Amino acid sequence: MPRRGHVSKREITPDSVYNSKLVTRFINNLMSRGKRSIATGIFYDALEKLSKTNGNENPLELFKKSIDAAKPIVEVRSKRIGGANYQVPVEVKPDRAIALAFRWILGFSRQRKEKSMSDRLAAEFSDILKNTGATMKKRDEVHRMAEANKAFAHYRV
């Protein structure tokens, strides 16, 4: 938390192929050690593979559908009240929901057993579109935790 007021968000430039800021954000999250060209190659290759497996549908639309499906709606936040910690269900802000979806997709695709990272990403995206896979399991788990702690909703953060 800054002491001197609000920090403005940096403007992200859209990517060159799909002209989408969401794609740029995903590539930035995928990138490791500053190697953007490798990350973009992996991402575009994964979208191409995803498009081929889904009957040559628009890859950008498939990507957006998978991100929307992976986004959590509610999550639990810990709140200390009178010496006890309660898990309070809270609605997730749109930017945080996208960030969580990216984190889960990348984390679980890195754990997969496919040969290359683009294969892993494509497989994770197709699993999300089929409503299966580790990312969807994680999202459902987060929603289940929020549902279980609905009794503490009046402690909203």
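Which helix does Glu124 lie in? I opened my notebook with that one, and I worked from a predicted model.

**Entry 1: finding the residue.** I looked up Glu124 and found it in helix H5, which covers residues 117–129.

**Entry 2: the whole chain.** Next I stepped back for the overall layout. I counted 6 helices and 2 strands in the chain. Reading from the N terminus, I noted the order α-α-α-β-β-α-α-α. The C-alpha trace spans about 55 × 40 × 25 Å along its principal axes.

Entry 3: I checked burial for the chain: of its 157 residues, 36% are buried. The accessible surface comes to about 10,100 Å², and carbon and sulfur atoms own 50% of that.

**Entry 4: contacts along the chain.** I took the contacts with a separation of 6 or more, and 58% of them join residues 24 or more positions apart.

**Entry 5: back to Glu124.** Is Glu124 buried or exposed? Its relative accessibility is 1%, so I wrote it down as buried, since the cut-off for buried is under 20%.

**Entry 6: its surroundings.** Which residues touch Glu124, once neighbours within four places in sequence are set aside? My list reads Ile105, Phe108, Ser109, Arg112, Ala134 and Thr135. I also looked up Arg110, which is 14 residues from Glu124 along the chain. The C-alpha atoms of Glu124 and Arg110 are 9.6 Å apart.

Note on methods
Residues numbered from 1 in each chain as written. Predicted model: local features only at pLDDT ≥ 70, side-chain atom pairs only at ≥ 80, totals over all residues. Heavy atoms only, no water. Helix = DSSP H or I, 4+ residues; strand = E, 2+ residues; numbered from the N terminus. Buried < 20%, exposed > 50% of the residue type's maximum accessible area, 1.4 Å probe, protein only. Contact = heavy atoms within 4.5 Å. Areas by Shrake-Rupley, 256 points an atom, 1.4 Å probe, with all protein chains shown as cover.
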